[in-house]
Each structure stands twice: as C-alpha cells, then as structure tokens.
Amino acid sequence: MSDAPLSPPAPIVVRREDYRPPEWLVPEVALDFDLDPALTRVKAVLAVRRNAGDGPLRLDGGGQQPLAVRVDGAKAEWRMEGDQLVIPLAGEAHSVETEVEIAPETNTQLMGLYASGGLLCTQCEAEGFRRITFFPDRPDILVRYQVKLTADQRQFPVLLSNGDRVGAGMMPDGRHWAEWHDPFPKPGYLFALVAGDLAVNRDSFTTMSGRVVELGIWVAEADLPRTGHAMAALKAAMAWDERVYGREYDLDVFNIVAVADFNFGAMENKGLNIFNSRYILADPETATDADFDAIAGVVAHEYFHNWSGDRVTCRDWFQLSLKEGFTVYRDQEFSADMGSAAVKRIEDVRVLRAAQFPEDAGPLAHPVRPESYMEIANFYTATVYNKGAELIRMMATMLGPERFRAATDLYFARHDGTAATCEDFVVAMEEGGGIDLSRFRLWYTQAGTPRVAASLTHAPGSGKAVLRLAQTLPPTPGQPDKQPQPLPLRVALFGEASGARLCDERLVVLDEAQAEVVFDGIGERPLLSINRGFSAPVIVDTDRSAAELAFLSAHDDDPFARYEAMQQLMLDRLVATVSGGDGDPAPVVAAVRATIADPTLDPAFVGEAIVLPSEAFIGDQLASVDPDAVARARDGLRQAILDGIGHGAWRALWAANRDNRYELDPRAKGRRRLKNVALGYLLADEAPDAVALAADQYRYADNMTDRLAALQLLASTRGATRDAVLADFHDRWADNGLVLDKWFTAQALSTRADVVELVEALARHPAFTLANPNRARALIGAFATNQRGFHAADGRGYRFVADMLIALDRLNPQTAARLVPPLGRWRRFEPGRAALMKAQLEHILAAPRLSKDVYEQASKSLG
Ligand code: 0A1
Ligand code: ZN
C-alpha cells in the first residue's frame, strides 16, 4: 500500500468574464480590535444594504470560525460554505455583527494581521482582509471605516490605522485604546493597522490649496536617523503630483510605517502606508545609490497610489494594471524628473527586459489584463506592473503632454470614489485626449512581446529613404493567433558622412502587419535610429552592421538609442560567438574606447552604456541556451575589452571618477557608477593588483555603494582577500538585517565554480532564515538568477532551489511561488538542463500540502 498523500483537488479558476456586481453593499463598518500577539479578538459591525439579486449575505473568511453572529442585535441563523460565512437576510438593510479570534504571532504567511519584530501590522492586498474578519473581500465594495484598537500600553504604545485619529484613552488595566475614522470609502484591501513601540520622524507638507498635512515615518527608535531620505522623497512626490497631475493630498495625516517582515516592497493603505523597511531606511554607510533611488521610487509609488489606486480603485483583480501600470508609469516619470531622465529610462528598460520579456516568452505569459487566475497573488507580475506602465507610456507618447494631462484629469474626475476598469481608463484617454484607441486595446488582451523587423533602403541620388517595417506577435499559452498591435516608434535618420541628423524625429505608429515609411530630402546614406527612448516595448530586429551600430553609439542624439546601439553591438558579437560565428571583439573595443573618451557624456550614462549585457539577456536571444557557452562568450568579451583598452587606461578611468568626499547628488552617483564599472573590467582576469585595488576600495570606502561594489566583485574571486573582506563585512554588519541581506546576495551571485556549495552552506548559516522574506530572497531568490550556479550542469542548483521552495511554501506561499519562474524557463535551455529543471518542477508538484500559489505556477510551468 502506498502512503503517498492524495493530491488535493485543483484550485478553482476565477475568470474575468464571470464578474458580477455585488449582491450586498457595505456602506459602513465598525471594527473593534482587542490586540494581543497570541490571541486577538476582532468584532465587526457591518451595515449592509442589498444591491442586486436575492441571495444571502456571503462574507469571505480565511479559515477562522465565527464566535458569534448577530443580525440587527439578535442571534441569527448562519452557515459556513468552505471559508465563506453565509447569512440569510430577509430585508433590504441590516446590521450584521461577527466576532472572531485570530493569532497574529503564528501568521507566517504575512497576510492579514501578523507580528513582525515586536509590532503587530497588517497586509490586506489582495485577499488578506478576510483573514482578519468576515467581510465581502472584493475591491468593488467601498466602505467607510471606524476602527477601535485596544492593546497593552507598554508593549504597544503606538496605535495607528487609516484616516484621522478621533479619540484615545487609558483603560484601568494598563491597556489603552485609540479610535480612527477614515472618511474615504475604501475596499478591505486598503485597510491597515499597526501597533507597536515606534518612534516617529515628523514633518509637514502644505498642499496647493494651503492645507497643512502632518507627515510621520514610524520606525524603531534606533532607525530614526535613517528616515530622512524617505521623508524628503515623500515631500517631493507630494509636490510633483500637484504640479504634474494636479492631484492634492486629501487627509490631514499621512503615515508610513517600516516593518522588517514584508512580502512585497510596500503597500498603499489609505493614509497609512506600510513598507518593507528596505524601502525606507537609508544612510550612506548602509545603503547604496541604488537603494537610495529605489527608496525614492517606492515612496513616490505608494504615495501616488493615493489617487491612482485609493481614490480610484479597481473593480476586480483582473483590472490590477489599472492602478499598478499607471502608478509605475507615474513613479518612473517622477524619478526621471528628480535625476537623469536618460539613465532612468535605460534602467527601466533593463528591468523590463530582465523580468517581463522572459515572462512574455514563457509558460506563465499572460495579458496585462489577465483573463483568469487560481491565486491572484501570482499576478503581481512584471507584465501587470512594468508592461502595464509601458502601455500608459505609449498612450502618453501618442497624445503628447497636454492632451495626456487632459485625459488623466477626465479619468480622475469621472471615476473618483469608484472602482473602475482598464476599459474606463482607455475611454478617458480617448475622450479626454481626442484619439481613437480601438486597436490599441489589443495591448490589454494579447500576451507576448511584439517583434519588429526594420530595414532602411536608400537609392543614392533619389533623395528618398524607405523604411520597411513588419511586426509579428508570437503565440503564447492559450493564444495561438495574434493581431497586429499599434506600435508607436520614434524614428530618426543620421548621415553616415556628415554625422548629422537628416530629418526631424517622426512618430511612426505601425498598426498593420507591415508598412513602408518614406523620408524625403535624404541626400546622403542614412543610418536608422529606431524606437528612440524605447517608445514601444518591443524587440526590434534591424540589419544594421557593426560599423553602423558603432557609428550610432557615438553620434545618436537620443541617449537611449545611443545606449541601445552600443548594447546591440555587444549583443551581436556575443550571440555570434556563442553560435560559432564572427565574434570579433574589435568593433566593441573601439566603441567602448570612444564612449569612455567622449568628454561631453555624463559619467552615469557612460557607466550604463559600456556595461556588457547580462548572461540571462544573452541567453534570451538564443533558441536553446547553453549557459556555459554564454558565460565563456561574455568572459571572453570582457577580457578583450580589458586588454583592448588596457589595464592602465581602466585604472585611470577608475581614478578619474574617484571623489574625496561622499555626496549623494546625481553627478556624484554617476561618477561612482562609472568608477565601479571600471573596477569590474579591471577584475576580469583577477590580476593581483586589481584584487588589491578592490580590497583597498572595500577597506577605505566611506559609503556602501563603493564598499558593496568591491565586495561583490571580490566574492567571485578565489583567495584570502575574498575571505577576509567577506568576514569583515559580516562582522561589521551582523546586527543590521538589511545590510546582512547584501552579504548573502553578494555570495549568491558569485561566478565561482563552487558557488552552489557556498550557497548551500550559507543556507545553514545561523543568520539565515526562511521566515523573513528579505533574507529568503537575498539568498535563494538571488541565487535563482545566478546563470552559473543555478544552472550548474549537474542540476544541483535546481535541486537546492526546489528544496528551499518546498520548505518555504509551508511558511509563506506567496514568497515561495515567486521562486518558480526561474525553473519554469526550462524550455529555453539545452536538453540536459531542460530535463533537470523539469524534474524539479515535478518534484515540487509532488510535495504534500502544496499551496495553491505554488501549485498554479508549477503546474502552468510544466503544462
Ligand atoms: N500594491 C502594492 C504591492 C503589493 C503587491 C502584491 C500584493 O499581493 C500579492 C500586495 C501588494 C504596490 O504596488 O506597491
Ligand atoms: Zn503599486
């Protein structure tokens, strides 16, 4: 007899087409929390009103049993159907009271009410509110909240919730209470509470109509000195949203709380944002330039949700990109305005290509507005967020700034206080901006990354150049045939002889499968600059030669296109090498030399332009990836660039970009970036003087950017220097969790041949835990992106990740499910790796008590 567990029934599939308006509305709720980490009692009084149909009231639950149910003050009939509490109601409007007990300290999923580092806090998006109280937990039920919190005064001196605090007081038994009212109706997913011993960084912001808003960033007392950057970013974001979108903040208080245990980046709860502490806490010694930028971006993102998410929310979870795509676009533009717009665009495209293009090309591909899901948490993806932002960007590009602003004004005015759809947004763009987006809607329904073939011909003496464009959209799961989508391509031509721009930039909207675009008055041989600014999220295939790309990498006047020319030049060489073709590095070396030598260029731009494409991105260009061949090709080109430019020149570049004193302005950040890229090239062959230089940079750095850059590079080397700096870093930062995460990640990303063993050992380190999502991601999540260790030919990397994933799933399914996609890419690899990856997906699916989160991702990855 087999003792194999019976497999549970496959989870229910939720479909967009099944959306129905709610039968019951909840105009108001009063919540009463008696808070205690071991056992918290929650009383809820819901005012309910019939909206449609004649069914009973159905309240979602998260596994808890009601202790009491009363309707209009009297004991009432009720039943459980699965996790739902079903209450038959005779009239049109009632008061429904429920009571539950929950145990925050055993909540390892970190959804609902949970304990983190002595605090009690909540995470309710998407479906966590039901784990706190019985409630119609769907985003189109907008409710006014009255919340009373009671807790031990000494353990939890601070009690916060959404909206304004309307009362507070002591109880005779050492407990105290606070009451909060939120005047803005909101869905349950935007509810929040925090209780704990917190210190506050207070400031204020005067809005455009002259109202004073009290701002607070709440953290552990010791972390207060690290909150200044987040506060400055918050105030900048509030001013930016007034200036650029005309959006003013609407409550008298805006609070942010930082917590150490958090599944995502942060959460936009109305008036009480809760953040993963990594997106709040920073000072130069503990945070890198990238951390500072990410903090400003995430603080702005959550703040912008106050309008694009809270005031206008989503009708159902299929509309997630309505708030996320738009808000990512808004935060991208904010960050572009605060620093170098060119570098920000390069970084955003790099993220899109690293995270979203592979998603679109794999088994988990889905449209920006998905059609179905088993677990909605699996759809907080790069497609919904980042591709969604590209859709907004394309509409903004086609409309131009004034018409786009008129359209967003209309959108906010028309849908304020409601739960809206992506279709509502597109209609507002059409009516407010005066444009027909009928075909553009395909971007919301079709998955996959469009490919554009572009070729330019010029008959000498004719004065005419013809650009031929053809688009294709590959099949994706469930979508074998596609229609052409409108692609807004910014195009310009450059003269090879004169080096000048030969025409004004044109916005070509390719909305058919093929098109020809004619340029007149072209007197010399033109070179093509296309998809400037990455105006459309597509892959462009051109027939431009190495010489042409090198020319554009030195002359194109669009910084993104210039960067792109250099990257394409490198990529073509790398792909040629892997495929056994002409991988002559000479044109790349020459182009890198010219870029470094150009004094007009911003160092931050140079740093981005001369970085080699990642191994993962090189692999994405190949039909069947052999990670060893990719690594060899990239190492070879890196070495050729080091040798071609020369150790001395690289060292001079490193020295020229060194500053004596740390500053955080964009120029200083750019210089650090370029200096550390130079250090990376210097370490290509692990020459002893380069290792010594990196060790010195590590030792004498006055900031984390330089220290970590050196540590990361040394982590890939062998020898005593590496071991010494890693030990030093560990001892120096052993009591700072966020910095220790960097120590784990630096090692997880090492290119050393023995990285799998090193990472397996780190998983047994006393500071390693799967219970903290940041720590789990720092080691396991980072390792799963390591193209060498994860893809070790014997399959040990895959096995390690799969085993950790299964263990993590018992604690925290949402975080575990995010480890599936790297294994899900098996079809893209050579047969040996593909079989090993597939075997681990099967191993995961065979694990007992698998969550539906992991089940959905793993089964779709095999399917
Ligand atoms: N809405 C938040 C982050 C977030 C992501 C995933 C969630 O559940 C699966 C919940 C919240 C943001 O965009 O900042
Ligand atoms: Zn968001």
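Residues are numbered from 1 along each chain as its sequence is written, while chains are lettered from A and ligands numbered from 1 in the order in which they are written. Because the model is predicted, local features need pLDDT of at least 70 and side-chain atom pairs count only at pLDDT 80 or more, whereas totals for chains, interfaces and linings use all residues. Helices (H or I, at least four residues) and strands (E, at least two) are DSSP runs, numbered from the N terminus.

Helix 1 covers residues 228–245, and at 1.5 Å a residue its 18 residues should span 26 Å; the expected span is 1.5 Å times one less than the number of residues. The end C-alpha atoms of helix 1 are 25 Å apart, which agrees. Burial is judged from C-beta atoms placed from the backbone: a residue with 20 or more other C-beta atoms within 10 Å of its own is buried, one with 12 or fewer is exposed, and one in between is partly exposed. By this criterion, the buried residues of helix 1 are His229, Ala230, Ala233, Leu234, Ala237, Met238, Trp240 and Asp241. Gly246 follows helix 1 and has a positive phi, near 70°.

In total, 13 residues surround ligand 1, and the closest are Glu125, Ala126, Phe264, Ala377 and Tyr380; a residue counts as near if its C-beta atom, placed from the backbone, lies within 6 Å of the molecule. By class, the shell holds six nonpolar, three polar and four charged residues. In this scheme Ala, Val, Leu, Ile, Met, Phe, Trp, Tyr, Cys and Pro are nonpolar, Asp, Glu, Lys and Arg are charged, and the others, Gly among them, are polar. Two of the closest residues, Glu125 and Ala126, are joined by a cis peptide bond with omega near -5°. Ala126 sits in the loop between strand 11 and strand 12 (143–152). For context, most peptide bonds are trans, and most residues other than glycine have a negative phi.

An open, antiparallel sheet of four strands runs in the order 10-11-16-13. Its edge strands, each pairing on one side only, are strand 10 (112–116) and strand 13 (158–161). From one strand to the next, the twist averages 20°, with axes fitted as lines to C-alpha atoms and angles running from 0 to 180 degrees between N-to-C directions. Five bridges link strand 10 with strand 11 (residues 119–123) in the antiparallel sense, and Leu113 has Thr122 of strand 11 as its bridge partner.

Another open sheet has three strands in the order 4-8-7, again with antiparallel pairing. Strand 4 (57–59) and strand 7 (79–81) are the edges, each pairing on one side only. Neighbouring strands of this sheet are turned by 30° against each other on average, direction ignored. Strand 4 and strand 8 (residues 84–87) run antiparallel and share three bridges, with Arg58 partnered by Val86 in strand 8.

Strand 25 (residues 451–458) has two partners. Eight antiparallel bridges connect strand 25 to strand 26 (residues 465–472), while four bridges in the parallel sense connect strand 25 to strand 31 (residues 539–542). Arg451 takes part in both pairings, standing opposite Thr472 in strand 26 and having Ile539 as its bridge partner in strand 31. Six residues lie between the strands in the hairpin of strand 25 and strand 26, where Gly461 takes a positive phi near 90°.

Two residues other than glycine also have positive phi values. Phe534, with phi near 50°, lies in the loop between strand 30 (526–530) and strand 31. Phe534 is buried, with 22 other C-beta atoms within 10 Å. Arg849, with phi near 55°, belongs to the loop between helix 26 (831–845) and helix 27 (852–862).

Terms used: Two strands pair if DSSP finds at least two bridges between them.
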